[in-house]
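Dear colleague,

Please find below the structure for your records.

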Amino acid sequence: MRDWLKSLDADDKKTIGEDIRTVELGWPIGMPTCRPLGDGLWEVRSNLTDKRISRVFFCIAQGMVLLHAFIKKTQKTPQPDLDIARRRQNEVEQ
């Protein structure tokens with residue numbers, strides 16, 4: 001997660017950071033910034049430069065735990081990205 005964030009340009013990092021902070025400080029918060037994915041998994045939704053969209057998956061376990069992030073390229077969230085987030089969520093919860 002940290003390496004992915006570092007790979008982004010400054011504007012995108014700032015946007016994602018602000019959206020994560022909004023969710024963290026305003027919890028619970030809903031659409032359009034945050035959406036539940038079921039079973040305790042949530043996503044932070046960010047609109048980036050060049051009309052790109054990012055998603056940051058997180059769960060709540062003694063605070064907000066960021067699990068996985070990616071830049072969307074299709075309308076539907078790719079199953080492999082959901083699988084990574086759910087696997088990491090299970091690791092955090094154990």
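The notes below cover the strands and their turns, and then the cysteines.

Please bear in mind that this is a predicted model.

Strands and turns

Strand β1 covers residues 34-38 and strand β2 covers residues 41-47; the two are paired in the antiparallel sense, with 4 bridges. Within this pairing, Gly38 has Leu41 in β2 as its bridge partner. The hairpin formed by β1 and β2 has 2 residues between the strands, and Asp39 adopts a positive phi there, near 55°.

Strand β2 also pairs with strand β3, which spans residues 53-60; this pairing is antiparallel as well and comprises 6 bridges. Here Arg45 is found opposite Arg55 in β3. The hairpin of β2 and β3 has 5 residues between its strands, and Asp50, located in the turn, shows a positive phi of about 60°.

Cysteines

How many disulfides does the model contain? The count is 0. A disulfide requires two cysteine sulfur atoms within 2.5 Å. For Cys34, the closest cysteine sulfur belongs to Cys59 and lies 12 Å away, which is too far for a bond. Likewise, the sulfur of Cys59 has that of Cys34 as its closest cysteine sulfur, at 12 Å, and is therefore too far away to form a bond.

Are these two residues buried or exposed? Cys34 is buried, having a relative accessible area of 0%. Cys59 is buried too, with a relative accessible area of 0%.

With kind regards

How values were computed. Residues numbered from 1 in each chain as written. Predicted model: local features only at pLDDT ≥ 70, side-chain atom pairs only at ≥ 80, totals over all residues. Heavy atoms only, no water. Pairing = 2+ DSSP bridges. Buried < 20%, exposed > 50% of the residue type's maximum accessible area, 1.4 Å probe, protein only.
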